[in-house]
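Hello! I am passing the structure on to you with this email.

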Amino acid sequence: MLEQLKKEVYEANMLLPKHGLVTFTWGNVSGLDKETGLFVIKPSGVDYDQLTPGDMVVMDLDGNKVEGNYNPSSDTATHLELYKAFPDIRGIVHTHSEWATSWAQAGRGIPCYGTTHADYMYGEIPCVRNLTKEEIDEAYEKNTGVLIVEYFKDKDYISMPAVLCKNHGPFTWGKDAYDAVHNAVVLEEVAKMAARCELINPQALPAPQELQDKHYNRKHGADAYYGQ
Ligand SMILES: O=C(CO)[C@@H](O)[C@@H](O)COP(=O)(O)O
């Protein structure tokens, strides 16, 4: 079932090692089929060079495995919470990419220091708090999703398609699995540049708001001249 989506999700997963975003199996991409309410996700713990489209696991939004030979990614419960709460997304990525995860481990959001960042993500990329002991013990991955959703309840998840989870790593999302990977690549580049920016000048300030507005709106606003 969902053979085309499985192929798309497989190909999106394979872009993670291509772009240097994963080591071993530390990452996962999923894609949602809005019609059926089912999503396809990478299996847990399978090496990328062994992965095939047929290994993708089909899940429903209640967390039941619908089809697949393997267990779904260990981060499936986080993906599920995001799909339930963010109605316009069709793809999600989680990685332990080096630079974004370094910011997450430091417990810091990534300030918008320049137009590379502003072209894709509006404002500081947030870092959500640690889970409590109770939240970790109860259901770490599910509660990670709940925490992200809680953070975004009065914020726009379209103009900020990325989040850092403290002591864990980044999640990104998008209009499909490929778009979510694209945002993960942008996040990693921006995270690297911001870290180096602070190293070169610890007093560096975020880009002026007018510049951030101009760049974000030029690509994503009402008068965007790039196709969405
Ligand atoms: O966060 C973690 C482990 O800390 C996982 O994202 C990572 O190892 C990938 O796990 P899966 O192979 O997708 O189950």
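Two residues are counted as in contact when their C-beta atoms, placed from the backbone, lie within 7 Å. Helices (H or I, at least four residues) and strands (E, at least two) are DSSP runs, numbered from the N terminus. Please keep in mind that this is a predicted model, where local features need pLDDT of at least 70, side-chain atom pairs count only at pLDDT 80 or more, and totals for chains, interfaces and linings use all residues. Residues are numbered from 1 along each chain as its sequence is written.

Let's start with helix H2, residues 76-85. Seven of its 10 residues are buried, so H2 is largely enclosed by the rest of the structure. Buried here means that 20 or more other C-beta atoms lie within 10 Å of a residue's own; exposed means 12 or fewer, and partly exposed is in between, with C-beta atoms placed from the backbone. The buried residues are Thr76, Thr78, His79, Leu80, Glu81, Leu82 and Tyr83. Their cover includes E1, strand E2 (38-41), strand E3 (57-60), strand E5 (91-95), H5 and E8.

One of those covering elements, helix H5 (residues 133-151), packs against H2 at an angle of about 30°, with the axes 7 Å apart. (Axes are lines fitted to C-alpha atoms, for helices over the stretch in contact, and angles run from 0 to 180 degrees between N-to-C directions.) The two helices are therefore roughly parallel to each other; the cut-offs are under 35 degrees for roughly parallel, over 145 for roughly antiparallel and 65 to 115 for roughly perpendicular, with the rest oblique. On the H2 side the contact is made by Ala77, Thr78, Leu80, Glu81, Leu82 and Ala85, and on the H5 side by Ala139, Glu141, Lys142, Thr144, Gly145, Val146, Ile148 and Val149. By class, these residues are eight nonpolar, three polar and three charged.

Glu8, Val9, Ala12, Leu15 and Leu16 of H1 meet Ala177, Tyr178 and Val181 of H6. The contact has seven nonpolar residues, no polar ones and one charged.

Which residues touch the most other members of the largest nonpolar core? They are Val9, Val29, Leu164, Ala180, Val181 and Ala191, out of 57 residues in that core. (A nonpolar core is a set of buried Ala, Val, Leu, Ile, Met, Phe, Trp, Tyr and Cys residues joined through C-beta atoms within 7 Å.) Helix H6 (residues 177-200) gives the largest share of this core, nine residues. If you click on Ala180, you will find it touching Val29, Gly91, Ile92, Val93, Thr172, Trp173 and Gly174, not counting residues up to four places away in sequence.

Asp179 also belongs to helix H6. Asp179 is buried, with 20 other C-beta atoms within 10 Å. With residues up to four places away in sequence left out, Asp179 touches Gly91 and Gly174.

Gly169 sits in strand E8 and is buried, with 21 other C-beta atoms within 10 Å.

Finally, two backbone details. Phe24 has a positive phi of about 50° although it is not a glycine. Phe24 lies in the loop between helix H1 (3-18) and strand E1 (27-33), and is exposed, with 10 other C-beta atoms within 10 Å. Asn167, also not a glycine, has a positive phi near 60°. Asn167 is in the loop between strand E7 (162-165) and strand E8 (169-174), and is partly exposed, with 14 other C-beta atoms within 10 Å.

Terms used
Nonpolar A, V, L, I, M, F, W, Y, C, P; charged D, E, K, R; others polar.
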